[in-house]
Amino acid sequence: MSGPAPAYQVHPVLRAEKLLMQCLTWLLTALFGLIFVMVVILVIMRYGFNSTIVGGSEATVMMFIYTTALGAAVDIARGKHIRIDALIDSLPPRVKAWLEGINLILIGMLQAMLLYYSIEWISVVGSSEDPVLHIAEGLVEVAIPIGCAFAILFSITRLIALIMTPLADPSN
């Protein structure tokens with residue numbers, strides 16, 4: 001049974017989106033794995049040996065900030081951003097597609113504002129140093145504009161996919 005190829009196989013932008021999303025997913029998986037291992041080691045050391053790794057807790061929080069910012073962007077690419085599906089799923093396909101498009105535009109605009117203000121924020125407070133790890137806080141805070149940039153990119157690519165996807169024929 002052959003039908004039309006999925007949109008990501010047709011349009012080069014959507015193929016690039018899929019590849020980027022896969023790379024980010026692997027990075028997020030690795031970061032979550034590292035966070036998990038660090039937390040387990042820190043708990044064992046704290047309660048088993050009454051010791052700790054200096055900066056371990058701070059490092060896990062910093063990695064968690066990156067996973068949150070990047071994970072939110074990846075969820076936009078997957079179409080899993082925050083929404084209430086019960087109402088949306090009950091609408092006709094054409095209305096549903098229009099609302100999804102408006103939603104993606106609003107998400108992109110919000111992310112653009114967050115990108116602008118986060119860069120401004122980092123320029124003010126990003127030069128301070130973490131007291132334990134002695135890393136510039138800006139290296140952690142830059143996760144926010146990076147996540148916003150990916151979210152904007154994925155909002156655009158999802159709009160392209162939405163435009164390229166034909167609506168189901170209601171007579172079938």
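Me: What makes residues of helix 7 count as buried, and which are they?
Reply: In this predicted model, the residues of helix 7 that are buried are Ala143, Pro145, Gly147, Cys148, Ala151, Ile152, Phe154, Ser155, Thr157 and Ala161; the word applies because buried means under 20% relative accessible area. What covers them includes helix 2 (12–49), helix 3 (56–78), helix 5 (93–125) and helix 6 (137–141).

Me: How do you know that the span of helix 7 agrees with its number of residues?
Reply: Helix 7 runs over residues 143–164, and at 1.5 Å a residue its 22 residues should span 32 Å; the end C-alpha atoms are 31 Å apart, so the two values agree.

Me: What makes up the largest nonpolar core?
Reply: Twelve residues form this core, namely Met21, Leu24, Leu28, Leu70, Ala73, Val74, Ile76, Ala77, Leu104, Ile107, Ala151 and Phe154, and they are called a nonpolar core because such a set is buried and joined through side-chain atoms within 4.5 Å. Helix 2, helix 3, helix 5 and helix 7 each supply at least two of its residues, while the largest share, five residues, comes from helix 3.

Me: With which residues is Val74 in contact, leaving aside its neighbours within four places in sequence?
Reply: Val74 is in contact with Met21, Leu24, Thr25, Leu28 and Phe154.

Me: Why is Ile53 called partly exposed?
Reply: Ile53, which lies in the loop between helix 2 and helix 3, has 33% relative accessibility and therefore counts as partly exposed, since that class falls between under 20% and over 50%. Together with Phe36, Val37, Val40, Ile41, Ile44 and Phe49, Ile53 makes a nonpolar surface patch of about 640 Å².

Key
Residues are numbered from 1 along each chain as its sequence is written. This is a predicted model: local features need pLDDT of at least 70, side-chain atom pairs count only at pLDDT 80 or more; totals for chains, interfaces and linings use all residues. Side-chain values use heavy atoms; hydrogens and water are left out. Helices (H or I, at least four residues) and strands (E, at least two) are DSSP runs, numbered from the N terminus. The expected span of a helix is 1.5 Å times one less than its number of residues. Buried means under 20% relative accessible area, exposed over 50%, partly exposed in between (1.4 Å probe, protein chains only). Contact means heavy atoms within 4.5 Å. Patches are made of residues with over 30% relative accessible area and no salt bridge: like charges are joined within 9 Å, nonpolar side chains (Val, Leu, Ile, Met, Phe, Trp, Tyr) within 5 Å. Accessible areas come from the Shrake-Rupley method with a 1.4 Å probe; for residues, only the protein chains shown count as cover. A salt bridge is a side-chain nitrogen of Lys or Arg within 4 Å of a carboxyl oxygen of Asp or Glu.
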